[in-house]
Amino acid sequence: MKCSRVEKLLPIYLENELPPQEKRLLEAHLRQCSDCQTTLAYLQAIPSLLASIPEREISPSLQAKLYAIPSLTPAPAKKLGFSLDWLLRPAFQPVLAAASVFLFVLSFFLFHPDGRFLSRSINEQLHLGYSRLEKIMAKAESLPGYLPVVRESLQNSLKSLSQSRPHESDKI
Amino acid sequence: MEKVVQECLDGSEGAWRTLVDTFSKRIFNLAYQFCGRYEEAEDLTQEIFMKIYTSLPKYDPKKNLTAWVLTLAKNHLIDTYRRTKREKTQRDDFDENLPVEMESGPEEIMVATEEKNLIWQGLEKISPDIRLAVILIEIQGRSYEEAAAILGAPQGTVKSRVNRGKIQLARILRQSGGQP
């Protein structure tokens, strides 16, 4: 057992609260270590030295000042029928934390110098995306009317091709 | 005592005097043993009582009044310590007129007073939490249950603080060459 460990255990040893095995080890160390024996002697002396520190009486002038406190201090306000103590309960802390994060993020939009630019840019992107979507939809709607024209032109080009190259058109 | 608190809130001067008479000596001694300076302890006691007076509406009658009052005192002492720790000077000299065993000779009396002075000065060198635990348990002789309620810590923690305090004081005595 090391001296540092013994030092920590000595107050518990003095109160006779050490488990038997640890007590045997500590006593074996004490028999060999004069340093720890000295520490033990100091520790034994300390409670009586501390207990000998006497109580002091308070002075009459302090007593008078304490009596006079109500006349010097505004009367304490009486407790209201309701209180907001529930806000400080530990169970409510996650809600308060989430609300703080939300307000923190919101503050970027409301109070940050670039906040307006940021929201304008977001709006522009949204509008751009929406107009692109509209164009795609419009093209998709016109597609059924456009298909016969494409088919006709394809057929015409195939015909002209077969006429110019009769042997290859057979293969096709 | 809960009735006294209500009467204080109703503006009764007599009730406030009862409250002062009940707790002033305990709070003053707690402050004096904590800070080690008589005049500073007087100022601290006054500040603590002003805090008690303004906090009376927050007192919950279901709670122990003594523990509530002493917890306010403890909080004020720790707050003040943290605010002013760099300004601290030495503690007052330990009173040399303290009673010692009548059978002791002059040399033994001198040694005993020197030891007590070393312990008294040594209190300044230990951390405020540990110091308060040592004061409540070893100097004032309060129970671990009462000290735990005042310090707002489990009894095991209070016990561990007291043991650490004793070890630190033993080191201080040893370094100062006091006799075991």
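**Exercise 1.** In this predicted model, determine which residues of α3(A) are buried.

*Solution.* Step 1: apply the cut-off, under which a residue is buried if 20 or more other C-beta atoms lie within 10 Å of its own. Step 2: go along the helix. In α3(A), the residues that count as buried are A:Cys36, A:Thr39, A:Leu40, A:Tyr42, A:Leu43, A:Ile46, A:Leu49 and A:Leu50. Step 3: keep the helix geometry in mind when reading this list. With 3.6 residues a turn, an α-helix has residues three or four places apart pointing the same way.

**Exercise 2.** Compare the span of helix α3 of chain A with the expected one, and locate its kink.

*Solution.* Step 1: take the length; the helix covers residues 34-51 of chain A, 18 residues. Step 2: compare the spans. From first C-alpha to last, α3 of chain A reaches 27 Å, close to the 26 Å expected at 1.5 Å a residue. Step 3: look for a bend. At A:Ala45 there is a kink of about 30 degrees, shortly before the proline A:Pro47.

**Exercise 3.** Describe chains A and B by secondary structure, burial and contacts.

*Solution.* Step 1: count elements. Chain A has eight helices and zero strands, and chain B likewise has eight helices and zero strands. Step 2: work out burial. In chain A, 8% of the 172 residues are buried; in chain B, 37% of the 180 residues are.

Terms used: Residues numbered from 1 in each chain as written. Chains lettered and ligands numbered in written order. Predicted model: local features only at pLDDT ≥ 70, side-chain atom pairs only at ≥ 80, totals over all residues. Helix = DSSP H or I, 4+ residues; strand = E, 2+ residues; numbered from the N terminus. Buried ≥ 20, exposed ≤ 12 C-beta atoms within 10 Å, placed from the backbone. Contact = placed C-beta atoms within 7 Å. Expected span 1.5 Å × (residues − 1). Bend = angle between axes of the 7 residues up to and from the residue.
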